[in-house]
Amino acid sequence: MGLALDMISQAIKKQPRESAFYITQGQLQLNQKNTKAAYNSFTQAVQKNPGYFLPQLMAGITAKELGKANEAQKYLSTSLRYLPTPNANYYLGEIALNKGD
């Protein structure tokens, strides 16, 4: 896994505006249970391509895991506007239940 992260870091250095590389980096970091780093990667991907549902979805999921419910709700709701997915609905439902809605 370390080699994969090294390679994606090199790709980011060569193409820093490519959101797909940040998404891949975040997914690799999630595999290593590094949720905070993954969240940072996904939010960078959102900044690079705010109209793509996947980084919004993944930023929302990782934000929820980090206890950032308001941020998670924002990202997940945006993700749903671009592409309705069961995952976004599920996590938004969990956030609503935790808030007592």
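A quick definition before we start: helix axes here are lines fitted to C-alpha atoms over the stretch in contact, and angles run from 0 to 180 degrees between N-to-C directions. Keep in mind that this is a predicted model.

Start with helix α4, residues 53-65, and helix α5, residues 69-82. Their axes come within 7 Å. They cross at roughly 155 degrees. Angles over 145 count as roughly antiparallel, so α4 is roughly antiparallel to α5. The crossing is left-handed.

Who makes the contact? From α4, we have F53, Q56, L57, A59, G60, I61, A63 and K64. From α5, it is E71, A72, Y75, L76, T78, S79 and Y82. By type, that contact has nine nonpolar residues, four polar and two charged.

Now the other partner of α4. Helix α2, residues 19-31, packs against α4 at an angle of about 30 degrees. Here the axes are 11 Å apart. The cut-off for roughly parallel is under 35 degrees, so α2 and α4 are roughly parallel to each other. This crossing is left-handed too. On the α2 side, I23, Q27 and L30 take part. They meet L54, P55, M58, T62 and E65 of α4.

Last, the loop. T85 sits between α5 and α6. Is T85 buried or exposed? Buried, because its relative accessibility is 11%. A polar atom of its side chain lies 3.2 Å from the backbone nitrogen of A88. Beyond its neighbours within four places in sequence, T85 contacts F53, L57 and L80. F53 and L57 also belong to the α4 side of the contact with α5.

Methods:
Residues are numbered from 1 along each chain as its sequence is written. This is a predicted model: local features need pLDDT of at least 70, side-chain atom pairs count only at pLDDT 80 or more; totals for chains, interfaces and linings use all residues. Side-chain values use heavy atoms; hydrogens and water are left out. Helices (H or I, at least four residues) and strands (E, at least two) are DSSP runs, numbered from the N terminus. Angles under 35 degrees count as roughly parallel, over 145 as roughly antiparallel, 65 to 115 as roughly perpendicular and the rest as oblique. A crossing is left-handed if the near helix is turned anticlockwise from the far one by less than a right angle, and right-handed if clockwise. Contact means heavy atoms within 4.5 Å. Ala, Val, Leu, Ile, Met, Phe, Trp, Tyr, Cys and Pro count as nonpolar, Asp, Glu, Lys and Arg as charged, and the others, Gly among them, as polar. Buried means under 20% relative accessible area, exposed over 50%, partly exposed in between (1.4 Å probe, protein chains only). A polar contact is a pair of N or O atoms within 3.5 Å; within protein, one must be able to donate a hydrogen and the other to accept it, and residues adjacent in sequence count only if both atoms are side-chain atoms.
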